[in-house]
Amino acid sequence: MPAPLLFILSGLTQYLGAALAVGIFGTVAAATVAWLRIAVAAVVLVLWRRPWRSRFTRQDLRTAVVFGVVLGVMNVAFYIAIDHLPLGTAVSIEFLGPVAVAAFTGRGWRDRVGIAIAAIGVVLLAGVSLDTGPDAVIGLVAISVAAACWAAYILLGRRVARAATGGITGLSVAMAAGAVVLAPFLAWGAGPVLRDPQLAALVVGIAVCSSVIPYALEQLVLRRVRAATFAVLLAMLPATAAVIGAVMLQQVPHGLEVVGLLLVSGAIVLTGLDREEPPTDEAPPPA
């Protein structure tokens, strides 16, 4: 399946997970919801991939652990940010992470122009509104951390994806590491989930839709494309959200939003997705 289609599928599951998470924020703190996503996803991935059956080199294991911590911090920081900032503002600022990756790892003018066009498109799609209230500082700091982690996620995730043990197997180790490292800071707020089976089931659904499926799909994409191309592809996430909103919710984009969609589409074409690297099959766990 082409990389853009994998990203569309990834985006669809993420938005479904976000929709499920809406009802939880009033019961469980945003940061704890983010940690629960990682923790439950780690359990699902570890049971699926059984990483103890794979032979990790020390370097691959270190990379996976660092990747997992970065992934966990990125999710927690983003959830804190959207609890204090408008979603559009948060999405646009966080996209500075992929912009930086494309700017520093791009091989030519097409990559750099493409990410600039994609960034403009994301801003137009997301709709930025600046809030100078007391919560704005917390939100801006949190989303800046999320942006830095997103850049590291692309670079480290590519290493995990291309390891001999297989990207999704490495992802299972990464998720487990992130959950363990962040547990002392965030697990204490998970009490309501443990006492409410319906809430617990909802958290499982959020983890599968928002973490297991999209991050596994992104590991497949990271094995096939360069970091700069992947950074531009990330612009498809807000673009897909706009399209789904139009189809499912009759939230038809107008004016600058349409321009944003066209810019994101043009950026993806400009980066030359026909230059995908040959895919590497996922390495199965040893018998």
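In this predicted model, helix α3 (residues 58-82) and helix α8 (residues 167-186) have axes that come within 7 Å and cross at roughly 55 degrees. That angle is why α3 and α8 count as oblique to each other, and the crossing is a right-handed one. Sorted by class, the contact of α3 with α8 has 16 nonpolar and 4 polar residues, with no charged ones.

Now for α2, which also meets α3. Helix α2 covers residues 30-49, 20 residues in all, and its first and last C-alpha atoms are 28 Å apart, close to the 28 Å expected at 1.5 Å a residue. Most of α2 is covered, with 15 of its 20 residues buried. Just past the end of α2 sits Arg50, with a positive phi of about 50 degrees.

As for how α2 and α3 pack, their axes come within 8 Å and cross at roughly 150 degrees. With an angle over 145 degrees counting as roughly antiparallel, α2 is therefore roughly antiparallel to α3. This crossing is right-handed. On the α2 side, the contact uses Ala30, Ala31, Val33, Ala34, Trp35, Arg37 and Ile38; on the α3 side, Leu71, Gly72, Asn75, Val76, Tyr79 and Ile80 take part. These residues split into 10 nonpolar, 2 polar and 1 charged.

Notes
Residues are numbered from 1 along each chain as its sequence is written. This is a predicted model: local features need pLDDT of at least 70, side-chain atom pairs count only at pLDDT 80 or more; totals for chains, interfaces and linings use all residues. Side-chain values use heavy atoms; hydrogens and water are left out. Axes are lines fitted to C-alpha atoms, for helices over the stretch in contact, and angles run from 0 to 180 degrees between N-to-C directions. Helices (H or I, at least four residues) and strands (E, at least two) are DSSP runs, numbered from the N terminus. Angles under 35 degrees count as roughly parallel, over 145 as roughly antiparallel, 65 to 115 as roughly perpendicular and the rest as oblique. A crossing is left-handed if the near helix is turned anticlockwise from the far one by less than a right angle, and right-handed if clockwise. Ala, Val, Leu, Ile, Met, Phe, Trp, Tyr, Cys and Pro count as nonpolar, Asp, Glu, Lys and Arg as charged, and the others, Gly among them, as polar. The expected span of a helix is 1.5 Å times one less than its number of residues. Buried means under 20% relative accessible area, exposed over 50%, partly exposed in between (1.4 Å probe, protein chains only). Contact means heavy atoms within 4.5 Å.
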